[in-house]
Amino acid sequence: MNIYNLFYKAPAPEGIEERNAHIIGGGIAGLAAAVFLIDDAGMPGKNITLYEKRNSLGGCCDAYSGEAGYICPGERELEPFMECLWYLCSKIPSLEDPSISVLDESVRANKDMPIHSESRLLCKQGHIYEKVHDYRMSPELLLKMEHFTSIPEKDLEDMTIEDYFGKDSEFFHSSLWWCYHSMLAFKPYHSALEAQRYFNRFGLLNRLDYLEGILHTKRNDKDSVIKPIHKWLEDQGVTFRMDTAVYDLEMDEACNTVYGIKIKNQETIPVRAQDYVLLTSGSMMTNASYGDNTHIAEINRDTEDMGLFTVWKNLAARNKKFGNPDKFLSHIDKTKWMSFFLTVEDYPEFFERLEKMTGSKSGTGGGITFMDSGWEMSLVIYDRDYFPDQREKNRDVLWGDGLFGERIGSYIKKPMAECTGNEIIEEMLYHFGML
Ligand SMILES: Cc1cc2nc3c(=O)[nH]c(=O)nc-3n(C[C@H](O)[C@H](O)[C@H](O)COP(=O)(O)OP(=O)(O)OC[C@H]3O[C@@H](n4cnc5c(N)ncnc54)[C@H](O)[C@@H]3O)c2cc1C
């Protein structure tokens, strides 16, 4: 994008006010589609209906505030080149200060609190890895890396990262790999093509070992992005059908035209020839399950109802132009990625200790990875403004994940996927050298 295109307001397409839009999925993708239909395409908000399976919007970017603490499944490592996201945010007034946009609010937050990591990799129970900034590689590997970033995508299709670099490659022991893969949740058997895209996007633009250039919103994504968009869309007259799970689309034989939207246990919504149906395809959170301090998050093996993936599977079964959803669905046991969110109340000393150990003020350090952790645990320590009511409740929060939920922990001798929240926290404390 550039100024010439960005600030040009195209005329609304002829007849747009006669069309309706049905958007399936209330994550950031569905919400963005609604905003762009209204603001760029000139569709009246009242012509748009958004269908959401749960009673809350945001999907991956959702977050909840409760009596016992907060739930926040994801954390976003943003960067300045996410053009669609920032374009979207530039259109939406901030909830806390409607005189500025969500984009303005985010830029200010990053100027006030830029991310700079002093302890990207920790090892030996709380020590900074001495080679974290040492990206030296053998000349052969350097050449291979250079080639990797420019090789045409078609040559990387159906190839894993370890197919490209070699299973025992020194690459997988390099600081570059440690910083890169733990930040972006890559495992050696993941797609080389995806890895190349992410390398070109994140890997070489930012100083990965300091996480410089990584951006954040003022608060969590729900409060800073999803809620303001929701309010803006409501003000425009968009209809939100919550607790409404779509499970299939009625289409013509060639799968070019949608006639109806099938809602689980309810009616089929008729779609007219001039209307639009925008289906989002689901994400890693779509079939997530939750645990708590004393309960394990049960692995969801339901193959009957996989939310948006079921809709996608139904379409793909009819026509191969819809792609191959099984690429994302067929390896449950290989992909036990898990996240956790910790709320600590009335105990600021704990976070002060973490600040001392990591060398970064809470909210500015970005991701920290425990290299010795069997689960490959990583953390992000937030400041006290991550949730609006945090300060008054004297709460501190951090988010964490384990890339290898199927492996045995270093302190807790079980796979992370079989652990309660309390056990996960014990493992974390061990790696901080506190147990
Ligand atoms: C922990 C974590 C960290 C991440 N970090 C980053 C990052 O650093 N940078 C980055 O760019 N991206 C990151 N992502 C990815 C990014 O957040 C997602 O790609 C994005 O939010 C997906 O948005 P979406 O709207 O496509 O899907 P989702 O957010 O999954 O939304 C889909 C919505 O559809 C609803 N739904 C499901 N089934 C149905 C149905 N049958 N009918 C109707 N509605 C249905 C769901 O309830 C949900 O609300 C991360 C994701 C996670 C989980």
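Angles under 35 degrees count as roughly parallel, over 145 as roughly antiparallel, 65 to 115 as roughly perpendicular and the rest as oblique. The model is predicted: local features need pLDDT of at least 70 and side-chain atom pairs count only at pLDDT 80 or more, while totals for chains, interfaces and linings use all residues. Residues are numbered from 1 along each chain as its sequence is written, and side-chain values use heavy atoms, with hydrogens and water left out.

**View A. Packing of helix H3 against helix H4.** Helices (H or I, at least four residues) and strands (E, at least two) are DSSP runs, numbered from the N terminus. The angle between H3 and H4 is about 115°, and their axes lie 5 Å apart; axes are lines fitted to C-alpha atoms, for helices over the stretch in contact, and angles run from 0 to 180 degrees between N-to-C directions. The two helices, H3 and H4, are therefore roughly perpendicular to each other. H3 contributes Trp86, Cys89 and Ser90 to the contact, and H4 contributes Val102, Leu103 and Ser106 (contact means heavy atoms within 4.5 Å). Of the residues in the contact of H3 with H4, four are nonpolar, two polar and no residue is charged (Ala, Val, Leu, Ile, Met, Phe, Trp, Tyr, Cys and Pro count as nonpolar, Asp, Glu, Lys and Arg as charged, and the others, Gly among them, as polar).

**View B. Buried residues of helix H3.** In H3 (residues 83–91), the buried residues are Trp86, Tyr87, Leu88, Cys89 and Lys91 (buried means under 20% relative accessible area, exposed over 50%, partly exposed in between, with a 1.4 Å probe and protein chains only). Their cover includes helix H1 (3–6), helix H2 (28–39), helix H4 (102–112) and helix H9 (221–235). Lys91 is also linked with Lys9, Asp39 and Asp40 in a network of salt bridges.

**View C. Salt bridge between lysine 218 and glutamate 96.** A salt bridge is a side-chain nitrogen of Lys or Arg within 4 Å of a carboxyl oxygen of Asp or Glu. The closest N and O atoms of lysine 218 and glutamate 96 are 2.9 Å apart. The pair links distant parts of the chain, 122 residues apart: lysine 218 is in the loop between helix H8 (192–203) and H9, and glutamate 96 is in the loop between H3 and H4. Lysine 218 is partly exposed at 32% relative accessibility, and glutamate 96 is partly exposed at 43%.

View D. Arginine 197 and glutamate 194 form a salt bridge, with an N to O distance of 3.5 Å. Because they are three residues apart in helix H8, arginine 197 and glutamate 194 are separated by about one helical turn. Arginine 197 is partly exposed, with a relative accessible area of 40%; glutamate 194 is partly exposed at 31%.

**View E. Parallel sheet of four strands.** The open sheet has the order E7-E2-E1-E11, with parallel pairing (two strands pair if DSSP finds at least two bridges between them). Strand E7 (239–241) and strand E11 (276–279) are the edge strands, each pairing on one side only. Neighbouring strands of this sheet are turned by 15° against each other on average, direction ignored. Strand E1 (residues 21–24) is joined to E11 by four bridges, and alanine 21 stands opposite tyrosine 276 in E11.

**View F. Antiparallel sheet of three strands.** The strand order of this open sheet is E8-E9-E10, and the pairing is antiparallel. Its edge strands are strand E8 (246–251) and strand E10 (268–270). The twist from one strand to the next averages 25°. Isoleucine 261 stands opposite isoleucine 269 in E10.
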